[in-house]
Amino acid sequence: MSKSSAILKQNLAFLMPNYRKGPIVVERGKGSYVWDADGKKYLDFFPGWGVSGLGHCAPRVVAAIRQQATRLLHVSNNYSTDLQAQLAKTLVQKSFKGRVFFSNSGAESTEAAIKLARRYGDQTGERYEIITMKKSFHGRTFAALSATGQPEYSKGFGPMVRGFRHVPFGDFEAVRKAVTDRTVAVMLEPVQGEGGIHVASLDYVRKLRDYCTQHKILLIFDEVQTGMGRTGKLFAFQHYGVEPDVMTLAKSLGNGVPIGAVVAATPYGEILQPGTHASTYGGSPLVCAASLAVFETIQKENLLANARKMGQYLRQGLEILQKKYPLVKEIRGLGVMLGMELDIPGAEIVESCAKQGLLINCTQQTVLRIMPSMQVNRAECDKALKILDKTLAEVKN
C-alpha cells in the first residue's frame with residue numbers, strides 16, 4: 001500500500017465525511033506547486049480554495065511566523081499588541097477610513113458584518129433585513145448560510161435565520177424593489193466566486209452605492225475571496241471607484257494562517273461596543289505577523305502588477321481554447337480569478353487535469369475555477385494551458 005493510500009484509509013476511518021475529498025494526499029508545497037505523500041508534483045491553480053494567494057509557504061510569511069512563534073503566540077483581546085494595531089492601521093490605510101475587527105475566517109467576518117448591520121438598524125428604526133444576491137456564498141455558519149443565495153447549501157438545516165432577501169446578481173432594479181422600510185443593508189461579492197466567477201458591472205455597483213447612500217442603507221462587500229490582490233487591485237471595490245461601508249476579508253489575508261477581518265467605514269466602525277461582539281483568537285499576534293508579511297510581500301514583489309499581467313496572459317490562453325473547443329461557452333473574471341464555463345459538467349475535466357498534474361476546481365457543476373497564486377509566472381501558465389488543452393481534446397473525442 002502506498003503512503004497516500006494508507007493516509008486516505010485513516011481519513012475514511014476517523015474523519016467526519018462532510019468533505020468530498022479527492023485521492024490526493026498533499027504533503028508539502030512551495031510557490032505554485034504541491035507534492036503528494038508519494039512524491040508526485042502538482043501545479044496548484046486553486047491553492048487552498050484561494051487562501052494561498054502568494055503561493056505555498058511564501059518566504060516572508062514563513063519567516064514572520066517563525067519569528068513570532070518564539071515571542072508570543074496568543075494573548076486575549078483584553079490586552080493590546082503592537083502587531084494588531086499595525087495590521088488594523090495598514091488595512092485602513094490601504095482600503096478606506098474606518099475601524100477593524102479581527103476574526104478567524106470568512107464566515108466569522110460575515111457574522112460580524114451582519115451583527116454590525118443589525119445593530120445599526122436597531123439604532124436607526126427597527127431595521128434588520130439584509131438583501132443579498134442569488135448564487136452568492138458568504139459562509140457555512142448559520143447567519144452566513146442564511147445570507148448565502150444558494151438554497152442547496154441550507155437544505156436540511158432549517159429554519160434559517162430570518163431577515164434575508166435574495167435577488168438576482170447584477171440586477172439593480174431587483175434590489176430597489178426588494179427594499180422595504182426594514183432594510184438595513186445590501187451585501188454582495190464584487191466578483192461571485194462560488195457562484196461561478198460572475199463580475200459585477202461598473203454601472204450596477206455605482207447605482208447600488210448611490211442608492212444605499214441615499215436611503216441610509218449599509219453597502220457591504222464580501223471580499224473574502226477577492227481581497228488581497230487576486231483581481232489585480234488590492235481590493236475588488238477599487239475597480240469601481242466607490243467604497244463600501246463595510247468590507248469582509250479572510251483567505252489570502254493570512255496566506256495560510258486563519259485570519260479574517262471586517263473593515264467598517266467611519267462612523268459605522270464604532271457601532272460594536274464592548275460586550276456586543278468578540279472573537280477569542282481573532283487577531284492573535286501570530287496571524288497578525290503573518291498578515292503584515294503578506295502586505296510586505298505584495299508590495300516588495302510587485303504582485304498586483306503580476307496578477308494583472310499574468311491574469312491577462314492566462315485569459316488570452318483560455319480564450320484560444322474557447323475558440324478551439326465549442327464546449328467552452330465563456331471565459332470571465334478579473335486578474336488571476338478566472339472562470340471557464342462549459343456546456344458539460346466539469347468534474348471529469350478537473351479529475352483528468354489532476355491526474356496530469358494540474359489542480360483546478362469546478363463550481364456550479366459547469367464552471368472551471370482557475371485561480372493561481374499572484375506570483376504565478378508565464379511558464380506555469382503555459383503548463384496549465386497545455387494540460388487543459390490536452391484534457392479538453394480528450395473530452396471532445
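I began with the term for burial: a residue is buried under 20% relative accessible area, exposed over 50% and partly exposed in between, with a 1.4 Å probe and protein chains only. I noted that the model is predicted, that local features need pLDDT of at least 70 and side-chain atom pairs pLDDT 80 or more, and that totals for chains, interfaces and linings use all residues. I also noted that residues are numbered from 1 along each chain as its sequence is written, and that side-chain values use heavy atoms, with hydrogens and water left out.

**Entry 1: aromatic rings**

I took rings of Phe, Tyr and Trp (its six-membered ring) as a pair if their centres lie within 6.5 Å; planes under 30 degrees apart are stacked, over 60 edge-to-face, and the rest tilted. By this rule I have eight aromatic pairs. I looked up Phe46 and Trp49: their ring centres are 5.2 Å apart and their planes stand at 70 degrees, so the pair is edge-to-face. Phe46 is buried, at 8% relative accessible area, whereas Trp49 is partly exposed, at 47%.

I then looked up Phe235 and Phe237, whose rings are stacked, with 6.0 Å between centres and 5 degrees between planes. Phe235 is buried at 0% relative accessibility, and Phe237 is buried at 3%. Ring pairs join Phe96, Phe235 and Phe237 in a cluster.

**Entry 2: charges over rings**

I counted a charge as over a ring if NZ of Lys or CZ of Arg is within 6 Å of the ring centre and within 35 degrees of the ring normal. Arg28 lies over the face of Trp35, 4.2 Å from the ring centre. Arg378 lies over the face of Tyr313, at 4.3 Å.

**Entry 3: helix α11**

I took helices (H or I, at least four residues) and strands (E, at least two) as DSSP runs, numbered from the N terminus. Which residues of α11 are buried? I found Glu380, Cys381, Ala384, Leu385, Ile387, Leu388, Thr391 and Leu392. Seen down the axis, the buried residues of α11 fall within an arc of 165 degrees (taken from the directions from the helix axis to the C-beta atoms), so they line one face of the helix. Ala379 and Lys386 are exposed on the other side of α11.

**Entry 4: Gln150**

I found Gln150 in the loop between α5 (142-147) and β6 (164-167). Gln150 is buried, with a relative accessible area of 4%. Gln150 and Ser136 are 14 residues apart in sequence and 6.6 Å apart in space, C-alpha to C-alpha. Leaving aside neighbours within four places in sequence, Gln150 has contacts (heavy atoms within 4.5 Å) with Lys135, Ser136, Phe137, Glu194, Gly195 and Gln364.
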